[in-house]
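Please consult the sequence and the structure shown here while reading.

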Amino acid sequence: MGAPRLFRALLHVWDERIAVLMVLIAAFRTCHCYEVGATVMVVGGNDGFHPGDDNIHCIRNQQGDLPLALGLGLILMAVVMFLNAILAGLRWLSSQARWAVMNAASLATRHAQKVQFNLQGINVHFGAQQALHNIDLQIAKGDRLALIGANGSGKSTLLRVLHGLITSKSMKATGQLTGLIETMPGTRQAMLFQRPHMLRMSVLTNVTLATWLHGQSWRTAKQQAMIELKRVGLHDLSHRQASTLSHGQQQRMAFARAAVTQPNVLVLDEPTASMDPRSKREVEGLMQDFADQDSGLTLIFASHNLG
C-alpha cells in the first residue's frame, strides 16, 4: 500500500494485460483474409476479478468501429481494475482490523504481566483522621516513582501499604484500610526508613542476618554481606557496632542489608532526611547506582525535598 501511485497503476495495467490486448486487437479495422478477435470472460473470486478463459478465434472479414471498440475496451478494463481495487481495499481493511485486535490483546497481556502493584480505591483512616483517600495507582516493573509532598500528606502511609506493613488486619485496632491491593507474584521487597533499625551487633552481623534469615548458610550469608558492605564503602567498618555509625553510614549499611536479599522492589521512605549535604549526596549516589545496575528494579521513594 505504500508503493508510489505510478508503480501501482502500472501493476494494475499488467494485471489487466488481456483486456489491453483486446483493445489493441479491436483497433484493427480490417484484414485481407481474416480479422482476429478476442473473447474475454471476467471471472470473480476471493482473490479478485480477473480475465478467465480467453479464447482467440478467427471471424470473417468485416468492418470494425475503431472508436467504439477502443471505448468499450477501455470501459471493460476500467471496470475490472475498479473491482480489483475494491477487493484489495477490503482485504487491506480486514487485515488491519485483525492486526488491531491482535495488537490490543497483546498489549493488554504484556501490560498485565508488567504491573508490579495495582491499587484501586485505597482509603486509610487512623481513627477520625483520613491518611489516604481513594487512591488508584498502578506501578509497572522497573518503574522509578517519586512521591513528593509535605509532611503529613500520606507519603509514608502509602509506602507502608505497598510494602505490606499496613493491612486491613493490622489496622483493626487502630483504624481502617479499604480497597484492592494486588502485587505481582514473585515480588521481593526491601524497605529503608528515615532512621534505620539497628541491632546491637556489629555492622557485618546486621547485614549477614538479613540473608541468613532468607535461608542461606551463615558462611555464605557472611560472604555476601561483605560484598555488599564493600559496595557501599563500609567494608573497613564491618566489625564496628552498628549503633556507633553516623546517620549517613547507618543508611548506607541499610542499603547493604537491603541489597543482600536481592529485592526486585526497593521502597525508600525519605532516606536522606536530616542528613548533612555530604551524606545526602552519598546516599543519593547509592540510589542511582542501584537503579543503574538493575534495569528491572522497581524503585519507589518518598521525599519532601524537590532538590
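At 25% relative accessibility, Arg160 counts as partly exposed. The model is a predicted one. Arg160 takes part in a salt bridge with Asp269, in which the closest N and O atoms are 3.0 Å apart. The points below begin with this pair and then turn to the sheet, the helices and the surface.

- Asp269 counts as buried because its relative accessible area is 3%, and buried means under 20%.
- Arg160, by contrast, is partly exposed at 25%.
- Asp269 also has a bridge partner in E11, namely Ala302.

**The open parallel sheet**

- An open sheet is formed by 4 strands in the order E7-E11-E10-E9, with parallel pairing.
- Strand E7 (144–148) and strand E9 (189–192) are the edge strands, each pairing on one side only.
- On average, neighbouring strands of this sheet are turned by 10° against each other, direction ignored.
- Strand E10 (residues 265–269) and strand E11 (residues 298–303) run parallel and are joined by 5 bridges.

**Helices on the sheet**

- Helix H8 (residues 277–293) packs on the sheet and touches E7, E10 and E11.
- The direction of helix H8 makes about 160° with that of E11.
- Helix H7 (residues 247–259) lies across E9 and E10, and runs at about 175° to E9.

**Salt bridges between and within helices**

- In total, the structure holds 5 salt bridges.
- Glu282 and Arg252 form one of them, with the closest N and O atoms 3.2 Å apart.
- Glu282 lies in helix H8 and Arg252 in helix H7, so this pair ties together parts that are 30 residues apart in sequence.
- Glu282 is partly exposed, at 31% relative accessibility, whereas Arg252 is buried at 14%.

**The antiparallel hairpin**

- Strand E5 (residues 115–126) pairs with strand E6 (residues 129–140) in the antiparallel sense, over 8 bridges.
- Phe117 has Ile139 as its bridge partner in E6.
- The hairpin of E5 and E6 has 2 residues between the strands, and Gly127 takes a positive phi near 65° there.

**The nonpolar surface patch**

- Phe82, Ile86, Leu90, Trp92 and Leu93 make a nonpolar surface patch of about 500 Å².
- Leu93, one of the patch residues, is placed in helix H3 (residues 66–114).
- With a relative accessible area of 48%, Leu93 is partly exposed; it therefore passes the patch cut-off of over 30% relative accessible area.

Key. Residues are numbered from 1 along each chain as its sequence is written. This is a predicted model: local features need pLDDT of at least 70, side-chain atom pairs count only at pLDDT 80 or more; totals for chains, interfaces and linings use all residues. Side-chain values use heavy atoms; hydrogens and water are left out. Two strands pair if DSSP finds at least two bridges between them. Axes are lines fitted to C-alpha atoms, for helices over the stretch in contact, and angles run from 0 to 180 degrees between N-to-C directions. Contact means heavy atoms within 4.5 Å. Patches are made of residues with over 30% relative accessible area and no salt bridge: like charges are joined within 9 Å, nonpolar side chains (Val, Leu, Ile, Met, Phe, Trp, Tyr) within 5 Å. Accessible areas come from the Shrake-Rupley method with a 1.4 Å probe; for residues, only the protein chains shown count as cover. A salt bridge is a side-chain nitrogen of Lys or Arg within 4 Å of a carboxyl oxygen of Asp or Glu. Buried means under 20% relative accessible area, exposed over 50%, partly exposed in between (1.4 Å probe, protein chains only).
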